[in-house]
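The sequence and structure are shown first.

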Amino acid sequence: MPYASPETSHVLDRVLVLEMVRVTEAAAVAAAKLIGRGDEKAADAAAVEAMRAALNELPMDGTVVIGEGERDEAPMLYIGEKVGSAQDGGPAIDIALDPLEGTTITAKAGPNALAVLAIAEGGCLLNAPDVYMDKLAIGPGYPEGTVSLEKSPADNVRSIAAAKGVEPHDIIACVLDRPRHAKIIEELRAIGCGVRLIPDGDVAGVIATSDPETGIDIYMGSGGAPEGVLAAAALRCVGGQIQGRLLFRNDDERGRARRWGIDDLDRIYTLQDMAKGDCIFAATGVTDGSLLKGVRKRKDGTVTTESIVMRASSGTVRRVYTESRNRG
């Protein structure tokens, strides 16, 4: 099914696309100073502080709907925090962010760590609680309903293989390398499906389904719900399908969801449920990965970054290479 772009948001026109890149660049550069240092918390804190400062320079009335957690658990960029320099009369913007997607990756100098941000008009991004989400995603060009969380992993692979006109053994699935996914991995390999395991960074994993060069056909498995919304915003810009279902480990997490207005705890969320209308998605590489190159610092002090920025209404995908001599 061809991808249909949503109407252009004039509200988002007032917040330049490249400004979003500057925000993710700031977070990535800050986090990169701690690559391989073994301190996840310090790397995350550096990215959060830099992203918050950059957001507060923008002329908007922004509200964080996906952030570092709830206010009592996150001193900065918590869910509900207001950011921007024009909170009296500026454009109302919802913000989903992950200043450092891949804290463990960064601490261990592994691949695919990103600074990630998505914005939309108020009310267009799912205000997901900070719990786990079962996710299933494929790229553009497939009929709606090709895959479903109500199907088994094997049946979803068979379905996408049929839609693609190939056999299941020609399909590559991307799955987070976690003990909780052992049964999924076993089931996929039993039908001959290839499995690409990633150590972290499921936003990049979902986006990879939209890029034929990655060879990834489908993403499945559980990860953070906030990352699911960010990934949905990205697919909103380039096409594709994603479904998500919140997973709760205890009554505290169920109560957290209800506090955010979620009554149907078993609901399966679609792309439109998680990210609707016009969206802008931006990401900057912290470490090298399949999506972007990481931050580099030359001998003369020049810092280079690679970013991607996408917009739903125009369907544009821009890659931005930046050199800065003022970042230490």
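Asp44 has a relative accessibility of 17% in this predicted model. Because buried means under 20% relative accessible area, Asp44 counts as buried. The residue belongs to helix H3, which covers residues 40–55. Leaving aside residues up to four places away in sequence, Asp44 touches Glu68, Leu100 and Thr103.

Glu68, one of these contacts of Asp44, is placed in the loop between strand S1 (61–66) and strand S2 (82–83). With a relative accessible area of 22%, Glu68 is partly exposed.

The UniProt record, an unreviewed entry, lists Asp44 and Glu68 under "binding site". They are spread over 25 residues of sequence, yet they cluster in space, with a largest C-alpha distance of 9.6 Å. Both Asp44 and Glu68 are included in the lining of the largest pocket.

The cysteines form a separate topic. A disulfide is a covalent bond between the sulfur atoms of two cysteines. Zero disulfides are found when the whole structure is searched. For Cys174, the nearest cysteine sulfur is that of Cys193, 11 Å away.

| Residue | Relative accessible area | Class |
|---|---|---|
| Asp44 | 17% | buried |
| Glu68 | 22% | partly exposed |
| Cys174 | 1% | buried |
| Cys193 | 3% | buried |

Key. Residues numbered from 1 in each chain as written. Predicted model: local features only at pLDDT ≥ 70, side-chain atom pairs only at ≥ 80, totals over all residues. Heavy atoms only, no water. UniProt positions renumbered as here; feature names shortened; annotations may be inferred. 1 Å grid on protein atoms, 1.4 Å probe; cavity = no way out; pocket = protein on both sides within 12 Å on 5 of 7 lines; lining within 4 Å. Helix = DSSP H or I, 4+ residues; strand = E, 2+ residues; numbered from the N terminus. Buried < 20%, exposed > 50% of the residue type's maximum accessible area, 1.4 Å probe, protein only. Contact = heavy atoms within 4.5 Å. Disulfide = S-S within 2.5 Å.
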